[in-house]
Amino acid sequence: MGDRQDPGDGLRVVVLDHTGAVGGAELALIRLLDHLDDDIRVHTILFSDGPLAELMTEAGHDVEVWPLDPRIAAADRRASGGTRLTALVNALRVLPYAVRLGGHLRRLAPDVIHTTSLKADLIGLVAGRVARRPVVWHIHDRISPDYLPAPMVQLLRGLARWAPSRVIVNSAGTAATLPNAKSLAIAYPGFSPAQLGPSPVTRDSPCPPVVGIVGRISPTKGQLEFVRAAAMVLDRHPEVRFLVVGAPLFGEDAYDAEVRAEVETLGLADAVVFTGFLADPTVELDRMSVCVHASGQPEPFGQVIVEAMARGVPVVATRGGGVTEIVQPTPQSEPLGWLVPGHDVAALAEAIITVLERPDLARPRALAAWHSVQERFSITRTADTIQTVWRTAADR
Ligand code: GLC
């Protein structure tokens, strides 16, 4: 994005994200950028270099890296702001960066600044003030003490009431964690037409059966519970194989090692395969008989579940947050998969076994899910909602 041109050129947006890694929010961002109206031009600024910049450039998106002190960029969201003092120290360290970024944004003069991670939300507010441009927060995390340090929750909830022009969230579950936020819009992360598989009616059951989990390897995602449930499933069905798709991205290497050690301890080494990071898990999803989502606490959204449903794969998922909205849209509706309580390994194993043993139950649910996600979670709908928010914020 060069110097500001005629307003007639269309809407100009700068996206800010702190990370160079490719997490769920970043995959959702790339998909969004792929499906925007032609009159919208987006320039993305990342606060660290890494695979995300490469992936975005390959996809033809305009991206620039503005390096932030790596210690701050890489700090785990659970540790950062753990006490008021560390929060203050980090804020002071980051201030000069935010002001410089604001100067850069003033030169770029976009109509809207869109921030897509918690660190970018905070830095973006300062930079947006300097640049005098409206800031839209796009929140992908639950702003709740079971997810973030308490001072961070207070800060974000307080600011959400007045500081950004608009707030976008990824589910009603996330919205509920931001009471009284200003002008809140829900934009469910949608999947693209290319991700849609054929109807599950035509799907062959993989042989031997494969049970998979897809996502960043992290204590919040429950891979440990997954491998413990795998041991229980194997007691009944020794032929089943298990896939762990994903990698630790934000300093979760110790947890990754713990999961792998548990696989050894439980004697599952021959039955469990770790694929590492995959930007597109479609091939792995197509190999699965069941896709498991095992987050111990409520998940903000859970786009992997939607992706599995779009491939016609039966889903077993832990209840809470956006997951409940995906799997059981209303309390009255028939579930589109199986919901189990978080941290309950036995319930997880039992539900997996039910899916494996009862195709007469699993198939109709997978078919209903396949139809439902096409109605509710298309990327065009996501893009429409977000573009409307941008246009409104830019008009003010
Ligand atoms: C984050 C959330 C995840 C959500 C994704 C897209 O990765 O943890 O629940 O699906 O963002 O909004």
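# Helix packing and ligand surroundings in a predicted model

Reader: At what angle do the axes of helix 8 and helix 13 cross?

Author: In this predicted model, helix 8 covers residues 223–236 and helix 13 covers residues 345–357. Their axes come within 8 Å of each other. The crossing angle is roughly 50 degrees.

Reader: Is helix 8 oblique or roughly parallel to helix 13?

Author: Angles under 35 degrees count as roughly parallel. The two axes cross at roughly 50 degrees, and that makes the relation of helix 8 to helix 13 oblique.

Reader: Is the crossing of helix 8 and helix 13 right-handed or left-handed, and which residues of helix 8 make the contact?

Author: Helix 8 passes helix 13 in a right-handed crossing. On the side of helix 13, the contact includes Val345, Leu348, Ile352 and Leu356. On the side of helix 8, the residues are Glu225, Phe226, Arg228, Ala229, Met232, Val233 and Arg236.

Reader: How many residues of the contact of helix 8 with helix 13 are nonpolar?

Author: The contact holds five charged residues and no polar ones. Glu225 and Arg228 of helix 8 are part of it, and Glu and Arg count as charged. The nonpolar residues number 11.

Reader: How are helix 1 and helix 2 oriented to each other?

Author: Helix 1 spans residues 24–34 and helix 2 spans residues 51–58, with their axes 11 Å apart. They pack at an angle of about 15 degrees, and angles under 35 degrees count as roughly parallel. Helix 1 and helix 2 are therefore roughly parallel.

Reader: Which residues of helix 2 meet helix 1, and how many residues of the contact are charged?

Author: Helix 1 brings Glu26, Leu29, Ile30 and Leu33, and these meet Leu52, Leu55 and Met56 of helix 2. The contact divides into six nonpolar residues, no polar ones and one charged.

Reader: What is the division of residues in the contact of helix 11 with helix 14?

Author: Helix 11 (residues 303–310) and helix 14 (residues 359–376) pack at about 115 degrees, with axes 8 Å apart, and their crossing is left-handed. Val306, Met309 and Ala310 of helix 11 meet Ala369, Trp370 and Val373 of helix 14. The contact has no polar residues, no charged ones and six nonpolar.

Reader: Which residue has a polar side-chain atom 2.5 Å from an oxygen atom of the ligand?

Author: The residues around the ligand include His140, Tyr147, Asn170, Lys221, Glu299 and Phe301. Asn170 has a polar side-chain atom 2.9 Å from a ligand oxygen, and for Phe301 a polar backbone atom is 2.9 Å from a ligand oxygen. The residue with the 2.5 Å distance is Glu299.

Reader: Where does Pro208 lie, and what kind of peptide bond joins Cys207 and Pro208?

Author: Pro208 is in the loop between strand 7 (184–186) and strand 8 (210–214). Omega of the bond between Cys207 and Pro208 is about 0 degrees. The bond is cis.

Reader: What is phi of Ala109?

Author: Ala109 sits in the loop between helix 4 (84–108) and strand 4 (112–115). Its phi is positive, in a residue other than glycine. The value is near 45 degrees.

Notes. Residues are numbered from 1 along each chain as its sequence is written. This is a predicted model: local features need pLDDT of at least 70, side-chain atom pairs count only at pLDDT 80 or more; totals for chains, interfaces and linings use all residues. Side-chain values use heavy atoms; hydrogens and water are left out. Axes are lines fitted to C-alpha atoms, for helices over the stretch in contact, and angles run from 0 to 180 degrees between N-to-C directions. Helices (H or I, at least four residues) and strands (E, at least two) are DSSP runs, numbered from the N terminus. Angles under 35 degrees count as roughly parallel, over 145 as roughly antiparallel, 65 to 115 as roughly perpendicular and the rest as oblique. A crossing is left-handed if the near helix is turned anticlockwise from the far one by less than a right angle, and right-handed if clockwise. Contact means heavy atoms within 4.5 Å. A residue is near a molecule or strand if one of its heavy atoms lies within 4 Å of it. A polar contact is a pair of N or O atoms within 3.5 Å; within protein, one must be able to donate a hydrogen and the other to accept it, and residues adjacent in sequence count only if both atoms are side-chain atoms.
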